[in-house]
Amino acid sequence: LAEAFDPEEFFTQLGKDLPCAVQLRAKQARGMPAVLGALKDACQARQIPFYVNDHRDWLMPGVDGIHLGQDDGDVGLLQGIQVGRSTHTLKQVRDAASDARVDCLGWGPIRSTSSKRHADEPVGLSSCRQAVANASGKPIIAIGGLGVDDFATLKHSGVWAAAVISAVWRAPEPVEALRTLIHRWRDA
């Protein structure tokens, strides 16, 4: 997020065009980002589920869940919150789907992405149906290098949602970019 990002202003500009969830991904952060509290409050005021990525020490009242990578430890001690788990192979999908504490699965990267250092090899759009079929009914969230033109294919493959970073934050007008993505997902 840009240093000048104001979550309240951002969501006010979106109006009724709100995302299904928001995740704060700040892998390189040294300490709790200043924006965390404001983002949590803005999401909570709009009943948007708010997740943090990897950082268990960022869990606090008002944070609805955490998303963990394959190397981010056991989910067994996490109670009272939603837990997402990144998956990159169908075996990882099946393992996460069989874990009663995992509520949803990130699948990808679908394409190469500049938002993650040392990302796994892309799995491609066509792999989404297989991930959904192996997830035992748990929601799959497609991740990695996604844009507005992918949404119809993703939605028809059965994924629950698509996670986007660059498609919003590298756009000249992030609010309009997110609005376009939300409308395209709804219309797919």
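This is a predicted model: local features need pLDDT of at least 70, side-chain atom pairs count only at pLDDT 80 or more; totals for chains, interfaces and linings use all residues.
In helix H1, the residues Pro7, Glu8 and Phe11 meet Val35, Ala38, Leu39, Ala42 and Cys43 of helix H2, where contact means heavy atoms within 4.5 Å. By class, this contact has seven nonpolar residues, one charged residue and no polar ones. The classes are as follows: Ala, Val, Leu, Ile, Met, Phe, Trp, Tyr, Cys and Pro count as nonpolar, Asp, Glu, Lys and Arg as charged, and the others, Gly among them, as polar.

Residues are numbered from 1 along each chain as its sequence is written, and side-chain values use heavy atoms, with hydrogens and water left out.

H1 spans residues 7-14 and H2 residues 35-45; their axes lie 8 Å apart, at an angle of about 30°. The axes are lines fitted to C-alpha atoms, for helices over the stretch in contact, and angles run from 0 to 180 degrees between N-to-C directions. The two helices are therefore roughly parallel to each other, a term used for angles under 35 degrees. Helices (H or I, at least four residues) and strands (E, at least two) are DSSP runs, numbered from the N terminus.

I turn now to the sheet. Seven strands form an open sheet in the order S1-S2-S3-S4-S5-S6-S7, with parallel pairing; two strands pair if DSSP finds at least two bridges between them. Strand S1 (22-24) and strand S7 (161-162) stand at the edges with a single partner strand each, so one side of each has no neighbour in the sheet.

Three bridges join S1 to S2 in the parallel sense, and Gln23 has Tyr51 of S2 as its bridge partner. Leu24 also belongs to S1. Is Leu24 buried or exposed? Leu24 counts as buried, at 4% relative accessibility; buried means under 20% relative accessible area, exposed over 50%, and partly exposed in between, with a 1.4 Å probe and protein chains only. The C-alpha atoms of Leu24 and Phe50 are separated by 7.9 Å, although these residues are 26 apart along the chain.

S2 (residues 50-53) runs parallel to S3, with three bridges between them, and Val52 stands opposite Ile66 of S3. In S3 (residues 65-68), Gly65 and His67 point one way, Ile66 and Leu68 point the other way, and all are buried. In a regular strand, side chains alternate between the two faces of the sheet.

On its way to strand S4 (residues 82-87), S3 again runs parallel, this time with four bridges. Two facing pairs may be named here: Gly65 stands opposite Gln82, and Ile66 stands opposite Val83. S4 is mostly covered, with five of its six residues buried. Four bridges also pair S4 with S5 in the parallel sense, and Thr87 has Trp107 of S5 as its bridge partner.

Finally, I come to helix H3. Which residues of H3 (residues 90-98) are buried? They are Val93, Ala96 and Ala97. Seen down the axis of H3, these buried residues fall within an arc of 100°, so they line one face of the helix; the arc is that of the directions from the helix axis to the C-beta atoms. Lys91 and Ser98, on the other side of H3, are exposed. The cover over the buried residues of H3 includes S4, strand S5 (104-107) and helix H4 (128-133).

Technical notes:
Angles under 35 degrees count as roughly parallel, over 145 as roughly antiparallel, 65 to 115 as roughly perpendicular and the rest as oblique.
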